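I opened this model to look up its sheet, its helices and the surroundings of its ligand. My entries follow in the order in which I looked.

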Amino acid sequence: MTSSHPTDLQGEVVVITGASRGLGRATAEAFGTRGARVVVNYRSNTEAAKEAVEVVEAAHDDAEAIAVQADVSDPEAIVELFERVDEAYGTVDVFVHNAAVTAFKPLTEVTAKDVSLTYDLCVTGFLLAAQHAIDRMDEDGRIIAVSANDSHTYMPLHGLLGSAKASLECLVRYLAVEQADNGIMVNAINPGILDKENYYASISEETKDAMDDLKRRTPKGDAVPPSAVAESIVTFAGPGTEWVTGEVLNVDGGFAAL
Ligand SMILES: NC(=O)c1ccc[n+]([C@@H]2O[C@H](COP(=O)([O-])OP(=O)(O)OC[C@H]3O[C@@H](n4cnc5c(N)ncnc54)[C@H](OP(=O)(O)O)[C@@H]3O)[C@@H](O)[C@H]2O)c1
């Protein structure tokens, strides 16, 4: 199928961490509609990753995708991920760090293991993978990190993840300054609560009530469709943003403006 989207990103190599499901998959598809070549990274769900590859390849006649299993919280696995990228495509144009995990707990109950789980992927994983991506980028490369609204606003049980996302945004600003001269633009997207299939089935009643409250307080009145966030990520990667770097863009229906 050929999409009606502009094809400025046609043939670009886009590496997306955590692209088998959720926002990562929506982002992979959005790049696919532009005819990009997408590396769908995932941790363990091979079936979901295969489906994501099919979704990308169905999005545009010229779109390509490969699935690469790699635990991005493990520095050795990051090396292997980029070795696979080298074998398949030999370059990187866009790197999107989307994968995240955490333990949703009050801060008084957070363990050292919970901190490692969260920071190794959200913070260290971003930094190390971005280093590998930069090594393979020409001038005009793009790095986009997916943050979350818990980085700036209290959300129940999100203290650990919120602090990691705030660190991630700080790394984005520093990396943006360090890479500006090389023509590599580094930005972050900060989504509000995502409207994801099956999400409500997986959370406690307490969290559900908190999420409903956040949605009610969102000026647009609802959770954000992952496809809308994905389109903003693609915008950061496309033409017209050559002078945009070190930014954090809220895609949250106005939540951050309250
Ligand atoms: N959900 C929300 O409401 C919300 C709101 C604001 C921001 N965000 C942010 O948006 C991003 C995506 O969230 P989501 O809810 O769409 O995610 P999700 O549905 O939980 O999917 C997570 C993805 O990350 C992969 N992954 C997990 N651990 C990994 C690791 N160690 N190495 C490599 N890949 C790993 C998973 O792979 P497998 O399939 O193999 O497990 C999966 O592809 C995150 O950064 C999150 O913080 C989410």
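I began with β5 (142–146) and β6 (185–191), which pair in the parallel sense over five bridges; two strands pair if DSSP finds at least two bridges between them. Helices (H or I, at least four residues) and strands (E, at least two) are DSSP runs, numbered from the N terminus. The bridge partner of Arg142 in β6 is Met185.

I noted that this is a predicted model, in which local features need pLDDT of at least 70 and side-chain atom pairs count only at pLDDT 80 or more, while totals for chains, interfaces and linings use all residues. Residues are numbered from 1 along each chain as its sequence is written.

I then followed the open sheet, where seven strands run in the order β3-β2-β1-β4-β5-β6-β7 with parallel pairing. Because β3 (64–69) and β7 stand at the edges with a single partner strand each, one side of each is left without a neighbour in the sheet.

Next I looked at α4, which packs on the sheet and touches β1, β4 (94–97) and β5, a contact being two C-beta atoms, placed from the backbone, within 7 Å. The direction of α4 makes about 175° with that of β4, where axes are lines fitted to C-alpha atoms, for helices over the stretch in contact, and angles run from 0 to 180 degrees between N-to-C directions. Helix α3 (residues 75–88) lies across β1 (13–16), β2 and β3, and runs at about 150° to β3.

Last, I checked the ligand, which 28 residues surround, the closest being Gly18, Gly22, Asn45, Ala100 and Ala148; a residue counts as near if its C-beta atom, placed from the backbone, lies within 6 Å.
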